[in-house]
Amino acid sequence: MKSLASLSLWRIIILILPLVSLGQTFEYGWPDNYDKPPQCVDIPVDLRLCQGVGYHQMLLPNLLEHESMAEVKQQAGSWVPLLHKNCDPGTQLLLCSLFAPVCMERPIYPCRRLCENVRDGCSPIMAAFGFPWPHILTCDKFPQDDMCINTPNDTSTSEPNGHPPVCPPCDNEMKMDVILDHMCASEFAIKTKIQEVKRENMDRKVTLQKKKRTIKMGTLKKKDLKKLTLYLKNGADCPCTQLDNTRNTYLIMGRKVDKQYLLTGIHKWDKSNREFKKTMKKLKSHKCPAYENVFK
Amino acid sequence: MNPCQIFASLVMSICCHILSSTAWSVNNFLMTGPKAYLAYTSSVQAGAQSGIEECKHQFAWDRWNCPESALQLSTHKGLRSATRETAFVHAISAAGVMYTLTKNCSMGDFENCGCDDSKIGKMGGRGWVWGGCSDNVNFGDRIAKLFVDALENGHDSRAAVNLHNNEAGRLAVKATLKRTCKCHGLSGSCSIQTCWMQLADFRDIGSYLKIKHDQARKLEMDKIRMRAGNSADNRGAIADTFSAVARTELIFMEDSPDYCVKNLSMGLHGTEGRECLQSGKNLSQWERRSCRRLCHECGLKVEERRIETVSSCNCKFHWCCTVKCETCTQTVTRYFCAKRHRNRRPHNHSRKRQHTRRG
């Protein structure tokens with residue numbers, strides 16, 4: 001038999017909610033009788049999704065069936081850009097209660113209300129990037145009793161702003177971490193100018209100039225690059241100052257969803273900006289999490 | 001537990017038997033010799049134990065409830081029975097051993113085995129590939145067969161029945177194997193999916209074998225050929241009979257005794273004093289009818305007892321991170337089988353016996 005240095009064990013946490021009578025509590029327990037219980041480990045400093053969440057140790061495997069810390073980091077990485085959007089105050093708490101769950105004798109799941117608040121606040125932004133609310137975060141499977149995690153200040157209501165919200169792909173801080181996170185979450189990135197912007201149903205259609213330089217090729221092919229047209233998903237009416245200015249050169253990120261190329265990020269190519277210059281230099285050595293490597 | 005200690009000691013003696021009866025080369029002996037086999041014994045013991053625990057659960061509300069004493073007697077020669085229930089015990093024990101060996105293999109507890117990587121990287125279906133750690137059931141099957149079947153050293157039909165039921169238990173583990181998948185695309189999407197074969201919950205295997213127990217077939221040996229007394233003819237008769245039975249089905253040779261009645265020579269305690277379920281939500285039909293099956297149909301009456309219990313309740317999670325619970329006292333009604341009194345006069349003394357719930 002083949003001898004392997006390290007082996008991982010895959011398990012399914014099946015969350016089945018039976019029809020319970022009112023007041024009867026459903027106890028969440030460890031999923032399998034014959035598996036070792038999860039271990040209590042420190043939250044690593046490079047698990048950036050959960051820095052400053054309010055506790056310092058987590059269970060491994062976590063509540064999303066991630067077996068190794070490498071898997072946790074890789075899967076959590078794609079959620080970091082959502083934190084930058086500040087779509088709901090409970091976003092980090094919801095995500096980390098599953099990705100890096102608190103160390104207790106039995107697992108503590110997020111409350112259904114916390115999940116629903118984050119979903120209602122964040123799913124429109126995720127939709128702008130072509131992501132549906134994922135199955136792993138389906139809110140119906142989370143508990144409604146007191147044995148769950150809620151936002152500490154639950155009674156606060158968010159006040160609506162005066163101005164309409166900026167288009168999510170255009171609402172980006174000029175900060176190295178943010179740009180690199182979005183770069184990793186995008187499939188391709190190019191340097192180019194905008195030729196034309198046109199409304200098309202609920203979206204905005206962005207036609208790019210012919211002259212382009214590839215920063216990150218990804219899944220993009222050369223023939224597709226020539227006639228590339230990007231869509232600002234659900235972006236017909238939200239403000240985007242970058243698209244209004246066609247004279248500037250931009251760093252444009254995107255990804256392909258079905259047959260459409262979606263705009264996922266747009267930054268002015270500003271060599272005079274020190275942060276931008278630092279980011280471009282860092283980009284050459286920066287390594288995104290490699291998704292295929294975690295799985296055999 | 002007594003049956004498992006006996007089982008473990010038998011396993012240890014079998015190790016020596018296997019080693020002494022096989023011609024080992026020096027290299028083979030050092031690499032795969034007693035150290036490798038000794039590594040499996042704790043898994044074999046734990047697996048047999050899990051089989052017994054599952055047996056108790058599956059038969060909790062049956063007249064025969066997988067009693068310890070019956071299992072102990074069945075390990076002695078001459079007192080073995082070949083009933084439908086014994087068939088289940090053999091199957092669930094073999095399944096438990098195979099299950100635990102396979103699990104420990106996947107968890108990296110053994111040096112000379114690992115995940116079943118025969119499919120790694122191959123296309124499985126539309127949108128998913130094989131990956132992860134598929135449970136190596138063939139390894140568990142092979143080692144479990146080696147250990148468990150070695151307990152049968154006879155050549156009569158009873159030994160053949162036990163070997164058949166052992167195999168049926170191992171096949172139940174394979175039959176309940178399931179494909180499990182994990183989505184690991186961006187933001188938890190299923191654009192990238194990896195699948196592997198994983199053991200079902202052992203509860204599912206127990207339920208699968210319980211159905212096999214209900215459907216078990218009784219062997220009718222060819223009595224004319226048995227009468228010849230020739231051992232070669234006996235083996236031929238056994239082989240002919242077994243070839244007609246599917247390997248996945250449980251078989252037995254003797255009808256079950258009356259499990260209502262106490263029969264200490266067979267290790268049976270009868271149903272007097274047993275707890276049963278009368279009412280309550282979420283009860284299955286089998287559970288709801290347990291009082292009728294255990295008490296009324298056995299000529300006993302149902303005795304009601306009110307018991308006060310103390311438990312944690314109203315637990316709350318406090319940020320961050322503690323769980324605080326209240327203590328609640330609750331009166332629950334439990335039901336037990338008791339003898340019917342022939343005379344109509346009420347008896348003076350009250351029963352003080354308290355029966356703890358088993359399983």
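**A helix pair in chain A**

In this predicted model, helix H5 (residues 176-185) of chain A and helix H8 (residues 274-283) of chain A have axes that come within 9 Å and cross at roughly 45°. That angle makes H5(A) oblique to H8(A), and the crossing of the two is right-handed. On the H5(A) side, the residues in contact are Met176(A), Ile179(A), Leu180(A) and Met183(A), and these meet Glu275(A), Lys278(A), Thr279(A), Lys282(A) and Leu283(A) in H8(A). Sorted by class, the contact of H5(A) with H8(A) comprises five nonpolar residues, one polar residue and three charged residues.

Elsewhere in chain A, Asn248(A) lies in the loop that runs between helix H7 (241-244) and strand S6 (249-257). Asn248(A) counts as buried because its relative accessible area is 18%, and the cut-off for burial is under 20%. Leaving aside residues up to four places away in sequence, Asn248(A) touches Thr192(A), Lys193(A) and Lys268(A).

In chain B, a UniProt annotation, "lipid moiety-binding region: O-palmitoleoyl serine", covers Ser187(B), a residue placed in the loop between strand S3 (178-183) and strand S4 (193-198) of that chain. With a relative accessibility of 7%, Ser187(B) is likewise classed as buried. When residues up to four places away in sequence are not counted, Ser187(B) is in contact with Ser78(A), Trp79(A), Met126(A), Phe131(A) and Pro134(A).

Note on methods. Residues numbered from 1 in each chain as written. Chains lettered and ligands numbered in written order. Predicted model: local features only at pLDDT ≥ 70, side-chain atom pairs only at ≥ 80, totals over all residues. Heavy atoms only, no water. Axes fitted to C-alpha atoms, helices over the stretch in contact; angles between N-to-C directions. Helix = DSSP H or I, 4+ residues; strand = E, 2+ residues; numbered from the N terminus. Parallel < 35°, antiparallel > 145°, perpendicular 65-115°, else oblique. Left-handed = near helix turned anticlockwise from the far one by under 90°. Contact = heavy atoms within 4.5 Å. Nonpolar A, V, L, I, M, F, W, Y, C, P; charged D, E, K, R; others polar. UniProt positions renumbered as here; feature names shortened; annotations may be inferred. Buried < 20%, exposed > 50% of the residue type's maximum accessible area, 1.4 Å probe, protein only.
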